[in-house]
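Here are a few quick notes on the ligand site, jotted down while going through the model. Have a look at the structure first, then read on.

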Amino acid sequence: PNVNNQNKTSKDQQLEQFTVDNDGKNLTTNQGLNVSEDEHSLKVGERGPTLMEDFHFREKMTHFDHERIPERIVHARGFGAHGYFQVYESMKDYTKAKFLQDPSVVTPVFVRFSTVAGSRGSADTVRDVRGFATKFYTEEGNYDLVGNNMPVFFIQDAMKFPDFIHAVKPEPHNEIPQAQSAHDTFWDFVVHNTESAHMIMWAMSDRSLPRSFRMMEGFGVHTFRFLNEEGKAHFVKFHWKPVLGTHSLLWDETQKLAGKDPDFNRRDLWDAIESGNYPEYEFGVQMIPEEAEFDFNFDILDPTKVWPEEIIPVKIIGKMTLNRNTDNFFAETEQIAFHPGHVVPGIDFTNDPLLQGRLFSYTDTQLSRLGGPNFHEIPINRSVAPVHNNQRDGMHRMTINKGPVSYHKNGIAGNTPKPVPPEKGGYEHYTEKVEGRKVQARSDSFKDHFSQAAMFWNSMSDVEKMHIVSAFQFELGKVQRKEIRQQVVDLFAHVDSDLATRISEGIGTIPPQTSGSASSESSPALSMMNTVKLPLT
Ligand code: HEM
């Protein structure tokens, strides 16, 4: 229903209204005035000074002077493409989200892949997490799944995010991204925030070196909530599975490519789409009924934990195809604004403390990155569902809302937008029962930092283990302070003593001084459950 005869989605058609074709047109100023001279400024005499009066020169230069906007505070380097999503079967038993009901409904999407730490001009093939952010332009408004290519995260509480990013980014005094001291800050953060151990295992693995954005998994990371028409809730985790499979580069390849072709991943995506070789990703969900929340020996709201797929299988429910490159990188990829808080009826949040903090951060940063409160009017950010409310004014306002009034329940015009009851599709927050004291603390159920890190290590083949050990050695080899190197070795003995011993070789440290290995206590996936009952029937 969203696609017309030319296979254009509703979003394609919307964007076309904003596309300008300059081909063969008159050159004008921004005021529409035809310009007769575009190479020589207005001067007093042929060899004299330029005149302030030259409005065309002033406008051209002023606009150029302001071409740059701040890059994203994280995920600054990214690359995006258009596409569409279709569900394979109705998910109505679990969620009332309209775009997940009907296999014939085509939902337009825009996806932006990114690295996290590097600046906008950094190389593609660095050891880093990759962002995998999807905006679904649904008939009920925009739904954003702002995920990564790894299923867990470094920290459990958003309060730590600025500290974490400060430890990852170049240091304030010299801004040298690969300075040895920058490695000191990152690893120093890790040893003082042991909840990062599981994510570090992923980051040191080949998952950090994707061969192609087309061959990369995606994860929503957090636990979200599905709600069906009857109000029944399921906890849900989201997955993207690339149809081409998951493939990585070798470390040596990444090093050479970063020098010879720093745009390796973005070029690959662009070329694949240009040649009609459209990247595809299947969409999967893991679901746990609300009443099974405490059936596991890890906290299902802890973003440093996976839900082992052996006990909570990934149900594949649909497919996304990326089939159109951007017309304008800045207008689309750079100006798109994702936000985990952009949801549609049938999808809700949980009390994952990392997610809760993200719900604040994204709009806040975009207010300065995109220059004020009206960035939802930028073409790439516009919903294809109609937008009506009493908000008005602000920097760069495009919409001309008709007066005379802009407040609710007024007795003058009486025609301002009205709230929509939930049964007619108005968003209703889940009425979760919550009670407790106000505390600044972490639940004990979040305090196991090593079992799943060990599970990850134990699931690796010998070659993959070798790559992980080499990655630790390379990264730690750049850490100047010996005591930090030693602390990392000792920390990872909690994950696996063989891993820690192997890391310690060749980086000027001694084998771990901390004995014991979490792997001896964990490993089989079923030990992750408190009960034998499988949560999904
Ligand atoms: C981008 C904050 C955790 C995925 C961003 C941006 C901020 C931010 C401020 C820049 C947004 C912009 O300028 O438009 C945070 C905070 C986090 C957090 C405070 C934790 C408390 C995560 C996690 C994931 C994630 C856990 C993955 C599940 C992304 C992605 C982008 C991004 C993919 C880039 C979006 C794009 O392509 O434009 N984040 N983030 N972030 N974040 Fe997070």
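**Notes on the ligand shell and the annotated positions**

1. Strand S2 (107-115), strand S3 (130-138), strand S4 (141-148) and H9 each put at least two residues into the shell around the ligand. Keep in mind that this is a predicted model.

2. Which element gives the largest share of that shell? That would be H9, with 8 residues.

3. On the whole shell: 27 residues surround the ligand, and the closest are His75, Arg112, Gly131, Ala158 and Val221. Sorted by class, the shell has 13 nonpolar, 10 polar and 4 charged residues.

4. Now the record. An unreviewed UniProt entry places the feature "binding site" at Arg72, Arg112, Phe161, Arg358, Tyr362 and Arg369. Arg112 is also listed among the closest residues to the ligand.

5. Phe161 sits in helix H3 (residues 161-168). Is Phe161 buried, exposed or partly exposed? It counts as partly exposed, because it has 17 C-beta neighbours inside 10 Å, and a residue needs 20 or more to be buried. Leaving out neighbours within four places in sequence, Phe161 is in contact with Ile155 and Gly357.

6. Arg369 belongs to helix H9 (residues 353-369). With 17 C-beta neighbours inside 10 Å, Arg369 is therefore partly exposed. If you skip residues up to four places away in sequence, Arg369 touches Ile69, Pro70 and Arg72. Arg72 and Arg369 both carry the "binding site" feature in the UniProt record.

Key: Residues numbered from 1 in each chain as written. Predicted model: local features only at pLDDT ≥ 70, side-chain atom pairs only at ≥ 80, totals over all residues. UniProt positions renumbered as here; feature names shortened; annotations may be inferred. Helix = DSSP H or I, 4+ residues; strand = E, 2+ residues; numbered from the N terminus. Buried ≥ 20, exposed ≤ 12 C-beta atoms within 10 Å, placed from the backbone. Contact = placed C-beta atoms within 7 Å. Near = placed C-beta within 6 Å. Nonpolar A, V, L, I, M, F, W, Y, C, P; charged D, E, K, R; others polar.
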